[in-house]
Amino acid sequence: MTGLADYGLGREEIALIPRRSVRRIYVIGDTDTGKTTLADAIAKHLAPRFSTAAADLAAGQASIGVPTTFGWQMLRPRGSRKPDGLFFTGSTSPTRHLGEWLAGAARMVGEASERAAKVVIDTCGLACGEAGRELHHATVEVIRPRLVVAIERRDELSELLAPFLRSGRPRVIRASAPAQVRTRSRATRRSYRCGKLRAYFEHARELRFSLDEVGILRPRPDPAGRLASLRDESGRDVALAIVQKYDSPKGTVTVLTPAPRRARVRAIVLGSMRIARDGRQLARNV
């Protein structure tokens with residue numbers, strides 16, 4: 001079992017994690033550096049002493065919730081991975097939906113912080129280059145973590161971390177990617193997303209909504225087949241859905257969803273992916 005010491009963290013660095021002033025811990029690293037494993041290890045390290053929540057901001061390979069969503073969950077002795085909160089980003093990539101990603105990050109981390117003394121935040125694998133710097137600098141500005149734990153193979157995050165290191169805010173711990181971290185191919189990642197979505201829609205059924213009662217957010221031409229979210233009157237995402245039919249003359253929209261019939265849906269948020277019921281991605285960014 002991989003622990004904190006496997007990431008090259010010393011006693012002094014590990015001692016920073018439980019400090020009461022450190023409420024939000026942001027784990028960052030490039031693809032296949034062991035971010036989720038380290039975030040889990042940090043959360044389990046804290047849980048015996050503090051109420052602890054895990055927030056997942058990796059919509060492509062979501063470990064809490066399903067792909068295209070952010071989620072958060074309180075750590076419980078025998079808890080499942082069912083999220084306590086969910087936010088639909090509309091995509092598995094932040095590059096075309098940065099506004100939604102930042103809004104979702106703020107909402108999920110904010111909700112978790114209301115319930116937990118400590119929030120450990122897992123992030124996506126886009127960390128290097130200009131796009132990675134833009135994403136993480138903006139996210140850190142929005143959610144204000146007190147501690148950043150940066151996993152590196154060498155020093156590939158130096159430019160991203162430079163402003164934090166100069167200012168001292170947030171505090172930075174530099175960790176080393178363990179040699180045993182497994183590299184996953186694009187096909188493996190695609191298969192993971194497909195499996196998660198297939199399981200999510202396994203027991204879905206059709207629900208029909210009147211367009212007089214439900215608004216369409218992020219409207220796009222020909223919404224049939226799009227992955228979407230059902231959002232309630234408080235702005236919370238109740239469940240994901242696949243649009244089956246959009247009947248403008250009749251003023252109805254039919255979706256496939258595991259949401260309960262009693263769900264008080266007030267908006268359908270359209271995403272940028274088309275998927276089949278078995279989770280196969282038919283098209284993205286369309």
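Q: What covers the buried residues of H5?
A: The model is predicted: local features need pLDDT of at least 70, side-chain atom pairs count only at pLDDT 80 or more, and totals for chains, interfaces and linings use all residues. Residues are numbered from 1 along each chain as its sequence is written, and side-chain values use heavy atoms, with hydrogens and water left out. Buried means under 20% relative accessible area, exposed over 50%, and partly exposed in between, with a 1.4 Å probe and protein chains only. In this structure the cover of the buried residues of H5 includes strand S1 (24-29), helix H4 (129-143), S6 and S7. Helices (H or I, at least four residues) and strands (E, at least two) are DSSP runs, numbered from the N terminus.

Q: Which residues of helix H5 are buried?
A: In helix H5 (residues 158-167), the residues Leu160, Leu161 and Phe164 are buried. Viewed down the axis of H5, these buried residues fall within an arc of 70°, so they line one face of the helix. The arc is that of the directions from the helix axis to the C-beta atoms.

Q: What does the face of H5 turned away from its buried side carry?
A: That face carries the exposed residues Glu159 and Arg166. After H5 comes Gly168, with a positive phi near 80°.

Q: How many salt bridges does the structure hold?
A: Side chains of opposite charge can pair when their charged atoms come close. A salt bridge is a side-chain nitrogen of Lys or Arg within 4 Å of a carboxyl oxygen of Asp or Glu. The structure holds 13 salt bridges. In one of them Arg236 pairs with Glu111, and the closest N and O atoms are 3.2 Å apart. Arg236 lies in the loop between strand S10 (226-232) and strand S11 (237-247) and Glu111 in helix H3 (residues 98-115), so the pair ties together parts that are 125 residues apart in sequence.

Q: Are Arg236 and Glu111 buried, partly exposed or exposed?
A: Arg236 is partly exposed, because its relative accessibility is 32%. Glu111 counts as buried, because its value is 13%.

Q: Which residue meets Arg174 in a salt bridge?
A: The partner of Arg174 is Glu152, at 2.9 Å from N to O. Arg174 is in strand S7 (residues 171-176) and Glu152 in strand S6 (residues 147-152), so this pair ties together parts that are 22 residues apart in sequence. Arg174 is partly exposed at 32% relative accessibility, and Glu152 is buried at 5%.

Q: Where are the partners of the pair Glu233 and Arg264?
A: Glu233 and Arg264 form a salt bridge whose closest N and O atoms are 3.7 Å apart. The pair links distant parts of the chain, with Glu233 in the loop between S10 and S11 and Arg264 in the loop between strand S12 (252-257) and strand S13 (265-275), 31 residues apart. Glu233 is exposed, at a relative accessible area of 53%.

Conventions
Contact means heavy atoms within 4.5 Å.
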